[in-house]
Amino acid sequence: MSETTEIEVPETSEAGSIADLVRKMIVQLGEDPNREGLRRTPERYEKALRFLTSGYRQDPEKLLNGAMFSVCYDEMVVVRDIELYSLCEHHLLPFFGRCHVAYIPNKKVVGLSKIARMVNMYARRLQIQERLTNQIARTIEEKLSPQGVGVIVEARHLCMVMRGVEKQHSTATTSAMLGVFRENKQTRDEFLALVRGGKV
Ligand SMILES: [Zn+2]
């Protein structure tokens, strides 16, 4: 099974089923779920969580198809600073930061906004940063067959910073380099310089 193979997601569980669990969780935490400020919290939390995991119900195929174009362009395409918000699958706490995506086309390109939407789609799932980074790169590789792809994700994990596991400002950086980005140091360096230099 490749990184981007879609898993069959069961029909979303019944509305209210997550809220019921959250109500029980609030009791277990020693709080009163009927207290005014908490009364509607379970429903709010369920709504938020369903949104934050809505990427399971999106299909990269549908997202990118129809937005791909044939071109005679073989220079690097770079999309910098895509904002990213995800949930760490080990703690169900947010990690967030920025994603930089680059590829060198091989006769095919995709609308730039679709790349940001694809990043969101994979981010809105229970994730680890490494897998998220790979899924973004693999999807571009599969759909566009480019000469190469580079993806860098820089993120802060609340499971680390809030629990004091790491220094407050620590950022985790992950990257996936495929094709010419892996084989050719010059291409990789060009991408890194564009990301660091802030100019594209
Ligand atoms: Zn975590």
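How many of the ten residues of strand β6 are buried? Eight are, so β6 (residues 148-157) is largely enclosed by the rest of the structure. Buried here means under 20% relative accessible area; exposed means over 50%, and partly exposed lies in between, with a 1.4 Å probe and protein chains only.

Some ground rules. This is a predicted model, where local features need pLDDT of at least 70 and side-chain atom pairs count only at pLDDT 80 or more, while totals for chains, interfaces and linings use all residues. Residues are numbered from 1 along each chain as its sequence is written, and side-chain values use heavy atoms, leaving out hydrogens and water.

The overview. The protein chain has eight helices and seven strands. These are DSSP runs numbered from the N terminus: H or I of at least four residues for helices, E of at least two for strands. The C-alpha trace spans about 60 × 40 × 30 Å along its principal axes. Of the 200 residues, 39% are buried. Take contacts between residues at least 6 apart in sequence: 70% of them join residues at least 24 apart. A contact means heavy atoms within 4.5 Å. The chain exposes about 11,900 Å², and carbon and sulfur atoms supply 53% of that. Areas come from the Shrake-Rupley method with a 1.4 Å probe; for residues, only the protein chains shown count as cover.

Now the sheet. Five strands form an open sheet, in the order β5-β2-β3-β6-β7, with mixed pairing. Two strands pair if DSSP finds at least two bridges between them. The edges are β5 (126-127) and β7, each pairing on one side only. Start at the β5 edge. β2 and β5 run parallel, joined by two bridges. There, L87 stands opposite L126. Next, β6. Ten bridges join β3 to β6, and the two run antiparallel. A102 faces G150 of β6 across that pairing. On to β7 (residues 172-179): eight bridges tie it to β6, again antiparallel. A155 is opposite A172 in this pair.

Next, the metal. Which residues coordinate the zinc ion? C88 through SG, H91 through ND1 and C159 through SG, at 2.1 to 2.3 Å. Donors are N, O and S atoms within 2.8 Å of the metal (3.2 Å for Na, K and Ca); water is not among the atoms, so sites may look incomplete. The donor spacing in sequence is C-x2-H-x67-C. H91 and C159 link distant parts of the chain, 68 residues apart. H91 sits in the loop between β2 (77-88) and β3 (94-104), and C159 in helix α6 (residues 158-161). Buried or exposed? C159 is buried, at 5% relative accessible area. H91 has 36% relative accessibility, so H91 counts as partly exposed.

The expected span is 1.5 Å times one less than the number of residues. P42, E46 and R50 are buried in α2. They cover an arc of only 70° around the axis, so they lie on the same side of α2. That arc is taken from the directions from the helix axis to the C-beta atoms. What covers the buried residues of α2 includes α1 (17-28).

Last, α5 (residues 129-144). Its 16 residues reach 23 Å from first C-alpha to last, close to the expected 22 Å. Its buried residues include L132, I136, I140 and L144. S145 follows α5, with a positive phi near 40°.
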